[in-house]
Amino acid sequence: MWGLPLFDIKDVAAVMFEINAARKAKPNYYLKLTAFDNTRGVESSSLSFILHRPANEPGFRLVRQEMEGRRIAYTIESYSSVAKPEGSRY
């Protein structure tokens, strides 16, 4: 979480200031914005999206395994765990 929650903010410039400050402080991290709507008395997320991605995003690959019979299993592997040893991934 970056900074304090911005409750009842009507000025877009204040939100953009916090977004740009977070991007400047954490350039190699994912940044996600979550917006809440409390008009119904429920504190749940009404909007959420990724604002920023790191420059190097290793990604994932899908590994297919043929099992007994005609069964097929899939496993997701991170490229970073395959290419770099533990402790030097990020």
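Student: Quick one to start: is Gly59 buried, partly exposed or exposed?

Tutor: Gly59 counts as partly exposed, since its relative accessibility is 24% and the buried class stops under 20%. Keep in mind that this is a predicted model.

Student: Let's zoom out. How many helices and strands does the protein chain have?

Tutor: There are two helices and four strands. Reading from the N terminus, the order is α-β-β-β-β-α.

Student: And how much of the protein chain counts as buried?

Tutor: Of its 90 residues, 8% count as buried. The protein chain exposes about 8,100 Å², and 55% of that area is supplied by carbon and sulfur atoms.

Student: What about contacts between residues at least 6 apart in sequence: what share joins residues at least 24 apart?

Tutor: That share is 15% in the protein chain.

Student: Back to the strands. How do β3 and β4 run, and how many bridges join them?

Tutor: They run antiparallel, and seven bridges join them. Strand β3 covers residues 60–66, while strand β4 covers residues 72–78.

Student: Which residues pair up there? Say, what is the bridge partner of Arg64 in β4?

Tutor: Tyr74 is the partner of Arg64. For another pair, find Val63, which has Thr75 opposite in β4.

Student: What do β3 and β4 form, and how many residues lie between them?

Tutor: They form a hairpin, with five residues between the two strands.

Student: Which residue other than glycine has a positive phi?

Tutor: Asp8 is one, with phi near 55 degrees. For background, most residues other than glycine have a negative phi. Asp8 is found in the segment before α1, and it is exposed, with a relative accessible area of 68%.

Student: New topic: how many salt bridges are there?

Tutor: The count comes to three salt bridges. As a general point, side chains of opposite charge can pair when their charged atoms come close.

Student: Let's take them in turn. Which side chain meets Arg61 in a salt bridge?

Tutor: The side chain of Glu77 does, at 2.7 Å from N to O. Arg61 belongs to strand β3 and Glu77 to strand β4, so this pair ties together parts that are 16 residues apart in sequence.

Student: How exposed is Arg61? And Glu77?

Tutor: Arg61 counts as partly exposed at 35% relative accessibility. Glu77 is partly exposed too, with a relative accessible area of 27%.

Student: Next one: which side chain meets Glu66 in a salt bridge?

Tutor: That would be Arg64, with an N to O distance of 3.7 Å. Glu66 is exposed, at a relative accessible area of 65%, whereas Arg64 counts as partly exposed at 49%.

Student: And what does Arg71 form a salt bridge with?

Tutor: Glu68 is the partner of Arg71, and their closest N and O atoms are 3.0 Å apart. Arg71 counts as partly exposed at 47% relative accessibility, while Glu68 counts as exposed at 55%.

Student: Last topic. How much space lies in the largest pocket?

Tutor: About 1,000 Å³. The lining of the largest pocket is made up of 26 residues.

Student: Which of those lie nearest its centre?

Tutor: Look for Pro5, Leu6, Leu33, Thr34 and Phe36.

Student: Which element supplies the largest share of the lining?

Tutor: Strand β1 does, with six residues. To find the elements on the model, go to α1 (12–25), β1 (31–36) and β2 (45–52), each of which supplies at least two residues of the lining.

Terms used:
Residues numbered from 1 in each chain as written. Predicted model: local features only at pLDDT ≥ 70, side-chain atom pairs only at ≥ 80, totals over all residues. Heavy atoms only, no water. Buried < 20%, exposed > 50% of the residue type's maximum accessible area, 1.4 Å probe, protein only. Contact = heavy atoms within 4.5 Å. Areas by Shrake-Rupley, 256 points an atom, 1.4 Å probe, with all protein chains shown as cover. Pairing = 2+ DSSP bridges. Salt bridge = Lys/Arg side-chain N within 4 Å of Asp/Glu carboxyl O. 1 Å grid on protein atoms, 1.4 Å probe; cavity = no way out; pocket = protein on both sides within 12 Å on 5 of 7 lines; lining within 4 Å. Points joined across faces, edges and corners; volume = space filled by probe spheres on them.
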